[in-house]
Amino acid sequence: MRILQIRFKNLNSLAGEWFIDLTHPSYTSDGIFTITGPTGAGKTTILDAICLALYGRTPRLEQMSQKENGIMSRQTGECFAEVTFETPAGHYRCHWSHRRAYQKSDGNLQQARHEIANADTGEIIESGIQRTASTIEYLTGMNFDRFTRSMLLAQGRFDTFLKASPSDRAPILEQITGTGIYSDISIRVHELSRAENEKLNLL
């Protein structure tokens with residue numbers, strides 16, 4: 001999975017609409033980049049936007065409802081997060097949004113919306129909070145917990161991944177590095193070796 005673009009509006013301290021194009025040469029020319037800034041500058045909000053767009057929740061605020069939304073910027077009536085990403089299966093755009101009645105800052109919170117579309121054609125693939133999250137998990141091979149432990153290690157939670165048991169870390173590392181094929185090869189070699197030994201014993 002590779003994130004290509006991030007777009008969001010009215011999240012935490014970053015009021016207004018923001019757009020980050022990770023395909024721009026400024027990000028791709030050196031192969032690596034870092035997001036820096038003082039406390040409160042909005043670094044974690046960018047990570048929140050990625051999580052919201054993909055899974056409709058964040059490590060800091062896992063659940064939102066019609067009664068509570070602690071991530072919408074104050075004195076605003078709507079917020080959204082959108083991520084465009086690619087996998088070996090194609091390009092996708094995932095969009096999450098939450099608004100207040102009549103988009104007024106004191107309006108009642110409405111039902112959040114979540115959908116995923118083909119980024120090339122614009123065709124909606126799935127919509128709805130649960131169904132979209134399930135589709136994301138299918139396309140990326142990562143549910144919310146696996147994503148936040150591997151691709152998005154939130155502030156203060158880096159040790160969660162480091163202290164995870166080998167059985168928990170192994171599938172995550174295989175997903176990140178693409179080395180799962182070697183586990184498959186190892187299993188296949190073991191099966192062939194056992195089969196050939198059984199033939200030898202019969203002889």
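1. Cysteines. At 2% relative accessibility, C79 counts as buried (under 20% relative accessible area; exposed is over 50%, partly exposed lies in between; 1.4 Å probe, protein chains only). C51 is buried too, with a relative accessible area of 0%. A search of the whole structure finds zero disulfides, a disulfide being a pair of cysteine sulfur atoms within 2.5 Å.

2. Basis. This is a predicted model, in which local features need pLDDT of at least 70 and side-chain atom pairs count only at pLDDT 80 or more, while totals for chains, interfaces and linings use all residues. Residues are numbered from 1 along each chain as its sequence is written, and side-chain values use heavy atoms, with hydrogens and water left out.

3. Overall make-up. The protein has seven helices and six strands. Helices (H or I, at least four residues) and strands (E, at least two) are DSSP runs, numbered from the N terminus. The order of elements from the N terminus is β-β-α-α-β-β-β-β-α-α-α-α-α. Of the 203 residues, 35% count as buried. Among contacts with a separation of 6 or more, 51% come from residues 24 or more positions apart; contact means heavy atoms within 4.5 Å.

4. Six strands form an open sheet, ordered 2-1-3-4-5-6, with antiparallel pairing. Two strands pair if DSSP finds at least two bridges between them. Strand 2 (14–21) and strand 6 (124–127) are the edge strands, and each pairs on one side only. From one strand to the next, the twist averages 15 degrees. Axes here are lines fitted to C-alpha atoms, for helices over the stretch in contact, and angles run from 0 to 180 degrees between N-to-C directions.

5. Helices on the sheet. Helix 2 (residues 43–55) packs on the sheet and touches strand 1 (2–11), strand 2, strand 3 (78–87), strand 4 and strand 5. The direction of helix 2 makes about 105 degrees with that of strand 1. Helix 3 (residues 129–140) lies across strand 3, strand 4, strand 5 and strand 6. Helix 3 runs at about 40 degrees to strand 5.

6. Strand 5 and its partners. Six bridges join strand 4 (residues 90–99) to strand 5 (residues 113–118), and the two run antiparallel. In this pairing, H95 stands opposite E115 of strand 5. Strand 5 is joined to strand 6 by three bridges, again antiparallel. Here I116 stands opposite E126 of strand 6. The hairpin of strand 5 and strand 6 has five residues between the strands, and G122 in it takes a positive phi near 80 degrees.

7. Aromatic pairs. The whole structure holds four aromatic pairs. Rings of Phe, Tyr and Trp (its six-membered ring) pair if their centres lie within 6.5 Å; planes under 30 degrees apart count as stacked, over 60 as edge-to-face and the rest as tilted. Y27 and F33 have ring centres 4.9 Å apart and planes at 70 degrees, so the pair is edge-to-face. Y27 is partly exposed at 29% relative accessibility, and F33 is partly exposed at 40%. F85 and Y92 have centres 5.7 Å apart and planes at 35 degrees, so this pair is tilted. F85 is buried at 0%, and Y92 is buried at 8%.

8. A ring cluster with a charge. Ring pairs link Y55, F144 and F147 into a cluster. The charged end of R57 sits over the ring of F144, 4.0 Å from its centre. The criterion is NZ of Lys or CZ of Arg within 6 Å of the ring centre and within 35 degrees of the ring normal.
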